[in-house]
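This report looks at how the chains of one model are arranged and how two of them meet.

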Amino acid sequence: MKNYTKIKDIPNLSETIKDAILLKMNPFEFQNLGQHKTLVMLFFNSSLRTRLSTEKAAKNLGMEVTILNVNDAWNLEFEDGTIMNMDKSEHVKDAAQVISQYADIIAVRAFPSLTDKAKDESEFILNSFKKYATVPIVNMESATAHPLQALADAITLTELTEKAKPKVVLSWAPHPKALPQAVANSFVEMMQDLEVDLTITHPEGYELSEAITKDTPINHNQEEALKDADFVYVKNWSSYKDYGQNLNQDNNWMMTQEKLGKAKFMHCLPVRRNVVVEDAVLDSDQSVVIKQANNRTYAAQVVLKQILEDL
Amino acid sequence: MKNYTKIKDIPNLSETIKDAILLKMNPFEFQNLGQHKTLVMLFFNSSLRTRLSTEKAAKNLGMEVTILNVNDAWNLEFEDGTIMNMDKSEHVKDAAQVISQYADIIAVRAFPSLTDKAKDESEFILNSFKKYATVPIVNMESATAHPLQALADAITLTELTEKAKPKVVLSWAPHPKALPQAVANSFVEMMQDLEVDLTITHPEGYELSEAITKDTPINHNQEEALKDADFVYVKNWSSYKDYGQNLNQDNNWMMTQEKLGKAKFMHCLPVRRNVVVEDAVLDSDQSVVIKQANNRTYAAQVVLKQILEDL
Amino acid sequence: MKNYTKIKDIPNLSETIKDAILLKMNPFEFQNLGQHKTLVMLFFNSSLRTRLSTEKAAKNLGMEVTILNVNDAWNLEFEDGTIMNMDKSEHVKDAAQVISQYADIIAVRAFPSLTDKAKDESEFILNSFKKYATVPIVNMESATAHPLQALADAITLTELTEKAKPKVVLSWAPHPKALPQAVANSFVEMMQDLEVDLTITHPEGYELSEAITKDTPINHNQEEALKDADFVYVKNWSSYKDYGQNLNQDNNWMMTQEKLGKAKFMHCLPVRRNVVVEDAVLDSDQSVVIKQANNRTYAAQVVLKQILEDL
């Protein structure tokens with residue numbers, strides 16, 4: 001693997017999932033692979049799971065890890081040809097090349113503005129690092145994608161499914177704050193690549209980009225969509241059409257024990273209890289969110305392993 | 001040891017102190033014990049000594065260490081059953097379980113509000129982690145206790161005492177800011193478990209919780225209390241009765257060379273010079289504060305060692 | 001080496017440069033030298049290159065590294081004898097001794113105020129650590145000097161020069177913000193110790209301290225100064241005479257491809273594109289700024305190596 005900025009960067013998905021499950025059983029098997037290699041983790045936004053799991057994954061492989069909160073340093077310029085006489089101290093062209101002097105792999109977290117759709121879709125932060133860095137780039141959640149989360153979700157689903165082709169439902173949930181579409185996008189793309197029967201359910205106006213959903217069925221009737229589901233992935237996202245807007249706070253879309261039926265409950269976390277999902281679901285045995293969080297480590301580890309093997 | 005949230009968690013105090021002194025002589029003897037184990041240090045408040053000494057202690061044992069300033073991430077919800085539609089992004093129930101996926105031991109620093117006595121005394125932050133985490137918890141100073149500091153103090157006192165039962169005085173000092181009772185509480189509890197003759201001296205109104213002081217003599221006359229002391233531990237704390245209030249700024253309570261006599265001077269640091277204690281004391285050979293700071297490493301190390309041995 | 005706070009601390013400059021180039025070829029040759037040794041990096045100001053390169057250098061030598069953003073902790077008092085009843089929580093006298101309990105080497109970054117010349121020139125932060133710490137101190141850029149940068153520059157120049165005595169020009173550049181003289185000072189001092197023909201060019205009013213420039217020629221005519229240069233080091237600094245003032249924003253002083261001629265372009269970074277230097281220069285093969293950034297690692301590594309050898 002050369003970079004991991006999107007799901008399609010995985011050369012062989014089913015092999016990769018199997019590899020991750022093997023790493024989970026024996027996390028230190030490749031502890032010499034990363035020896036004398038450094039992962040620099042750049043955070044433009046805060047992080048708990050991604051920070052801890054990716055750091056652990058890299059150390060399991062014997063890598064050195066360095067954390068840099070970019071906002072503690074200074075503002076980067078991303079436009080070409082600008083006269084930098086305002087508040088930006090360094091151009092990403094220089095910063096990315098410089099950081100590449102100290103890193104063997106650079107991981108980047110950079111959320112969208114949710115105000116400028118075209119700019120967010122250009123993935124200018126992630127793609128600038130990809131363009132100018134001279135070492136591989138790993139996406140720790142960008143404006144439109146969260147491929148490490150999606151890989152962890154695929155691992156979790158593979159571990160838990162008892163059917164050849166389980167029914168998986170992505171169900172929109174209300175949230176007080178406008179959130180990115182990144183997790184939903186990557187989950188949909190990942191499920192499209194697995195042997196699952198995927199349905200998306202959300203209120204009208206919350207359609208994800210058609211470039212993502214393609215021919216995946218969308219049902220605005222949550223009850224219908226959830227019928228006979230094996231896995232229900234609940235997630236809020238803000239409107240893609242009315243970009244970044246929080247159109248609807250309809251609490252009827254909150255996931256409940258009753259709606260869930262016998263399905264497993266999935267969520268990427270952090271989750272607002274009793275807004276996105278009721279306590280009874282999260283505290284039940286049907287919730288697999290902690291397993292998902294645990295699998296973040298092995299998703300990151302298998303990605304770093306494949307990149308290290310290709311250095 | 002299963003957790004170290006309070007002094008009473010130490011199974012055998014005198015053995016533990018002896019062990020710590022041995023670790024100090026040979027800090028890397030158990031450098032394989034922590035191999036492939038991760039300490040996650042969670043800071044709700046800033047730290048210098050606790051951060052550096054605990055990190056060093058863990059690394060001396062071969063552990064990986066990850067530092068997380070919780071306030072850089074997001075606000076945690078601690079109440080059960082709330083509808084999380086305000087500023088809290090994640091419930092501690094989920095966060096603690098998640099962090100347990102990446103940590104073998106979690107250390108937590110969380111100061112009191114000094115405004116809500118009942119809430120502070122409930123130790124809701126520390127105890128929530130203890131309740132929901134699935135790995136051991138270490139207290140890096142909580143609302144009401146600082147057991148790592150107290151253990152370092154016990155080690156220092158044991159190293160320095162020339163008497164079978166030295167006289168130890170805890171002497172309140174003025175301070176411009178309202179401070180927690182945590183250090184004083186843990187020092188008193190620790191001294192009650194050692195072979196020392198303990199006296200507490202402070203102005204009226206600064207009585208610590210009776211649940212802590214029990215039958216330890218309290219003398220409001222500092223001069224009388226200090227008479228023939230072997231060790232004088234100076235510390236400010238805010239009023240426990242008039243909770244969190246800074247009732248008295250009487251500079252006469254500042255520790256001086258004259259008052260100290262021939263006793264050793266102890267303080268947990270940081271210390272306000274010429275407010276809590278005059279320069280002459282801190283800069284004299286009677287001050288053992290740097291030795292105390294050094295012993296913070298071995299206090300943390302013996303605690304982590306005992307927890308690792310019980311994993 | 002006992003400390004590295006200034007260029008003159010290097011015992012043998014040409015040997016040190018040669019050693020650094022050897023380390024670059026074999027960065028892990030001395031990976032046991034730093035075993036069980038800890039570098040504590042204290043940042044009073046933000047950092048990208050210095051942070052990443054020094055951390056990498058220390059880890060290449062097998063050291064443990066701990067990063068502390070001092071401002072995340074608390075304000076330090078630097079004056080002697082003060083009554084600390086205001087906003088300063090700890091005296092540097094105590095902090096430096098305490099940190100020395102946990103560190104084998106302490107690295108400090110502390111920029112000038114650019115408002116109080118005498119105080120900045122006293123280097124009170126760096127020198128307080130040097131005075132009170134009981135372990136060696138490394139300067140990661142102080143009020144008046146940046147000796148790790150200058151050593152990286154010397155390494156770069158040594159690697160690239162094709163002449164026995166190349167012509168080197170330090171050329172002032174405009175900048176929207178008042179910047180320290182530290183980089184320029186250390187570069188001048190370093191070049192004075194190498195076999196180079198050094199000229200400084202800047203607008204009137206931007207004279208560096210005469211204690212630094214000594215008899216190095218200063219030419220206010222940039223075009224004349226740049227004639228036949230082999231290396232041009234471009235850098236902004238604020239006025240030393242009108243201390244900390246940004247007197248002149250004359251864009252004619254920006255470095256261009258035309259002015260540069262056939263010389264190599266050097267800059268410490270971060271750099272404001274099209275303010276300090278035009279894009280065409282930075283994006284050309286004549287720019288060696290990324291090589292300079294890379295050499296920051298080996299400058300730091302050779303310094304840490306020499307200090308470790310003297311512990």
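## The interface of chains C and B

Chain C brings 30 residues to the contact and chain B brings 29 residues, where contact means heavy atoms within 4.5 Å. This is a predicted model: local features need pLDDT of at least 70, side-chain atom pairs count only at pLDDT 80 or more, and totals for chains, interfaces and linings use all residues. Residues are numbered from 1 along each chain as its sequence is written, chains are lettered from A and ligands numbered from 1 in the order written, and side-chain values use heavy atoms, without hydrogens and water.

| Item, chain C with chain B | Value |
|---|---|
| Buried area (accessible area, 1.4 Å probe, lost on being put together, summed over both) | about 2600 Å² |
| Salt bridges (side-chain nitrogen of Lys or Arg within 4 Å of a carboxyl oxygen of Asp or Glu) | four |

Carbon and sulfur atoms give 56% of the buried area. C:H36, C:Q101 and C:Y102 supply 26% of what chain C buries against chain B, more than any other three residues.

C:D94 forms a salt bridge with B:R273, with the closest N and O atoms 2.8 Å apart. On the side of chain C that touches chain B, α4(C) gives the most, with seven residues; helices (H or I, at least four residues) are DSSP runs numbered from the N terminus.

## Symmetry

Chain B superposes on chain A by a rotation of 120° with 0.0 Å of shift along its axis (RMSD 0.0 Å). That is the relation of a three-fold axis. Within chain B, B:I67 comes closest to the rotation axis, at 5.8 Å (C-alpha).

How values were computed: Least-squares fit on C-alpha atoms with pLDDT ≥ 70 in both. Buried area = accessible area lost by both parts, 1.4 Å probe. Helix = DSSP H or I, 4+ residues; strand = E, 2+ residues; numbered from the N terminus.
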